[in-house]
Amino acid sequence: MHKYIAKLEEKLQHNVKYTQFSFELIKPQHLEFQAGQYVSLKVSNKGERRSYSICSTPDNQHQFDLILDLSPGGLGSQFLQQLEFGEEVEVLAPMGQFLVPEDLPADHLVFVATGSGIAPFKAMIEDQLRNKQDQRQITLHWGMRHPEDLFWLDEWEKLDETFINFHFHPVLSQAPPAWTLCRGRVIDCLSIHARPANAAYFLCGNQTMIADVSRLLIGQGVGKELILTEKFY
Amino acid sequence: MSTQTKQIGKYKVEVIRDKCISAASCVAIAPKVFALDEAEIAIIVSQDGHDDETKLLAAQSCPTMAVIVTNTETGERVWPPQGED
């Protein structure tokens, strides 16, 4: 882990809640990280820091992307919202051990996210499929409230079309009548779909989801070593 | 035979257990100073595992300001700033 200076290169507002921030590294200009890791951003002059998962893939070492739900309006959200293009930030990176282990004894990787918990999975799934040519089955269950909250749909659909081993299941807790896919919480979605044999699970999102899904999986006989988690708070 | 202990730096860190939400950012930054216990609450494993700057960064990374940093030479509280805990 090292200190970096990066500057804001691009802000992409996906919808009223979620905005993606792209940072270009200034000093040093290269960041070596693994998909699933996060950065710690200095978000106030006093020195307060906030952690955010990197959602871009590690093959681009000159920049990194973050996705934030700005609606809670916390310290980090306010800082990033007010950040101007070209303004510099101080970053500690890379951090965290939420990775796809190379020696993971699983034939199927199941990713379960709620909200912006999708961030590390964007990097991990793209890295497994595109960079590592992982031939194993990879399934993503992503829980949101409303259809308008969803983003990166084109990217997920493109991955779904390009890689026959990738399967995308968005699930909405407040789905409109016209919604034809999964409804309810992600745990409901997991219960509907048959549990794959010899699967490893990656859970990222709010603490309640992680606790509930972990309990479900352990109750179904999944070994604790095959459940990897990252709490967002 | 006398023994000597070597202290790295002058900052002492403490964790307010009731404030810890298991974010583990302190552990990620200073793993030789902080760890999570069985209840996933941050604990101090050593005051000397990292230098003062790293200990302060670890404290500043805590989203709930559960880590207090004190300058042992002056007794001054370094983090969180007075009135912000």
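Let's start with B:C26. Leaving aside neighbours within four places in sequence, B:C26 is in contact with B:F34, B:A42, B:A58, B:A59, B:S61, B:C62 and B:V67. Contact here means C-beta atoms, placed from the backbone, within 7 Å.

A word on what you are seeing. This is a predicted model, where local features need pLDDT of at least 70, side-chain atom pairs count only at pLDDT 80 or more, and totals for chains, interfaces and linings use all residues. Residues are numbered from 1 along each chain as its sequence is written, while chains are lettered from A and ligands numbered from 1 in the order in which they are written.

Now the core. The largest nonpolar core has 85 residues. A nonpolar core is a set of buried Ala, Val, Leu, Ile, Met, Phe, Trp, Tyr and Cys residues joined through C-beta atoms within 7 Å. Buried means 20 or more other C-beta atoms within 10 Å of the residue's own, all placed from the backbone. B:C26 is back again: with A:V39 and A:V112, it has the most contacts inside this core. Helix α2 of chain A, residues 118-131, supplies the largest share, six residues. Helices are DSSP runs of H or I, at least four residues; strands are runs of E, at least two; both are numbered from the N terminus. Where does this core lie relative to domain 1 and domain 2 of chain A? Both domains give residues to the core, so it lies between them.

On to those domains. Domain 1 of chain A is 2-95 and domain 2 is 108-231; the bounds come from an automatic or database domain assignment. Their C-alpha centres lie 24 Å apart. Domain 1 puts 16 residues into the contact and domain 2 puts in 13. On the domain 1 side, strand β5, residues 63-69, gives the most, with three residues.

Next, chain B against chain A. Chain B brings 11 residues to this contact, and chain A brings 13. In chain B, α1 (25-29) and α2 (52-60) each supply at least two residues of that side. The most comes from α1(B), with three.

Last, chain A overall. Chain A has five helices and 12 strands. Its radius of gyration, taken over C-alpha atoms, is 18 Å. Buried residues make up 40% of chain A.

Definitions and conventions: Contact = placed C-beta atoms within 7 Å. Buried ≥ 20, exposed ≤ 12 C-beta atoms within 10 Å, placed from the backbone. Rg over C-alpha atoms; globule rule 2.2 N^0.38 Å.
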